[in-house]
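These are my notebook entries on one model, written in the order in which I looked things up.

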Amino acid sequence: MTMKILLTGGTGGLGREVVRAAEAAGHTVRIASRRARPHDAPPAREWAQMDVETGAGVPEALESVDAVIHAASDPRRHAVVDVEGTRRLVQAARAAGTAHLVYVSIVGVDQIPFGYYRSKLAAEQIVAAGGVPHSILRATQFHSFVDTMTAGAARVPLILPLPATFRFQSVDTGEAAARFVRAAEDGPRGRLRDFGGPQVLTWGQMAAPWKSACGIRKPTVHLPLPGPLAAAFRAGKNTSDGERGTVHWDDWLTRSYPSGSPSR
Ligand SMILES: NC(=O)c1ccc[n+]([C@@H]2O[C@H](COP(=O)([O-])OP(=O)(O)OC[C@H]3O[C@@H](n4cnc5c(N)ncnc54)[C@H](OP(=O)(O)O)[C@@H]3O)[C@@H](O)[C@H]2O)c1
């Protein structure tokens, strides 16, 4: 059955892939964004200008949709956007009689002492208690996230400094997006099994093929980080035995850096 899906965060990294996956499955997507509809948006794609922080446009965005996938987030302003924004969206969804809200969360938000993750956990709790039929699906970090973080570290001259013993089970964004669309299709099922990448690797293991893919030769230098946050990433609290995607880091690198330079 095809649906009309309101997608918050539809302009973001995950959101763009959710749009692709949902439209490929025959659904109509209404992108929710703080920005106005772009002039080149395909006519079949709906657009709702709204802001979860202020609540502007939220009730209108929810009109006559079958499901909501809530992927809007702001790691720098998580208290107002992720916590209070989610509260506002859930209250409006309840008032609108929304049949299903899928919340996009992150593996380990209940285990890792990080402000953004605490807000994601608070948002999960708001969704769970908000009186709207829901699903909550946690995904691991995306390959693109590890790529961006590694590229950031590589801006340091002569060396690539990073906490090489951090673990990641990164996943292809497109595969995660397809899983979120299936969650919307399946109807409200509460907390779902986590969705992660096919393998757990240390950041040091990930850095080696990343450097080859990018044509970077400088040595990786382990950066020992103190504290409970670093300990949680070393212990792999951001990894899971749940469902797994199939796209390995090496393959994602080959696809993303076909000629040894960033393609994106
Ligand atoms: N990145 C990862 O590795 C990862 C892993 C697992 C789960 N996740 C989760 O996946 C979701 C998407 O992450 P992402 O990396 O794709 O995010 P992103 O690229 O940073 O996109 C964030 C989105 O949030 C929207 N947004 C921000 N503030 C808003 C507001 N006040 N009102 C309405 N919309 C607002 C933005 O839309 P406009 O700017 O158009 O308004 C944008 O589309 C998040 O919930 C994140 O926690 C991410």
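Predicted model: local features only at pLDDT ≥ 70, side-chain atom pairs only at ≥ 80, totals over all residues.

I take helices (H or I, at least four residues) and strands (E, at least two) as DSSP runs, numbered from the N terminus. Residues are numbered from 1 along each chain as its sequence is written.

**Entry 1, positive phi.** I looked up Ser64, which is not a glycine and yet has a positive phi of about 50°, and I found it in the loop between helix H2 (58-61) and S4. For burial I count other C-beta atoms, placed from the backbone, within 10 Å of a residue's own: 20 or more is buried, 12 or fewer exposed, and anything in between partly exposed. Ser64 has 8 such atoms and is therefore exposed. I noted Leu158 as well, again not a glycine, with a positive phi of about 75°, in the loop between helix H5 (143-153) and strand S7 (160-162). Leu158 counts as exposed, with 8 C-beta neighbours inside 10 Å.

Just after H1, I found Gly26 with a positive phi of about 95°.

I define a nonpolar core as a set of buried Ala, Val, Leu, Ile, Met, Phe, Trp, Tyr and Cys residues joined through C-beta atoms within 7 Å. The largest has 50 residues, of which Ile5, Leu6, Leu7, Val18, Ile69, Val102 and Phe180 touch the most other members. Helix H6 (residues 173-186) supplies the largest share of this core, seven residues. Apart from it I found another core, of 14 residues, including Phe166, Trp203, Ala207 and Trp252. I call two residues in contact if their C-beta atoms, placed from the backbone, lie within 7 Å. Leaving aside neighbours within four places in sequence, Ile5 contacts Ala22, His27, Val29, Arg30, Val65, Asp66, Ala67, Ile69 and Ala184.

How do helix H3 (residues 78-96) and helix H4 (residues 115-129) pack? Their axes lie 9 Å apart at an angle of about 5°, where axes are lines fitted to C-alpha atoms, for helices over the stretch in contact, and angles run from 0 to 180 degrees between N-to-C directions. H3 and H4 are therefore roughly parallel, a label that I give to angles under 35 degrees, with over 145 roughly antiparallel, 65 to 115 roughly perpendicular and the rest oblique. Among the buried residues of H4 I noted Tyr117, Leu121 and Glu124, and the cover of its buried residues includes H3, S5 and strand S6 (134-139).

I placed Val107 in the loop between S5 and H4, where it is buried, with 24 other C-beta atoms within 10 Å. Not counting residues up to four places away in sequence, Val107 touches Arg138, Ala139, Thr140, Asp194, Gly196, Asn238, Thr239 and Ser240.
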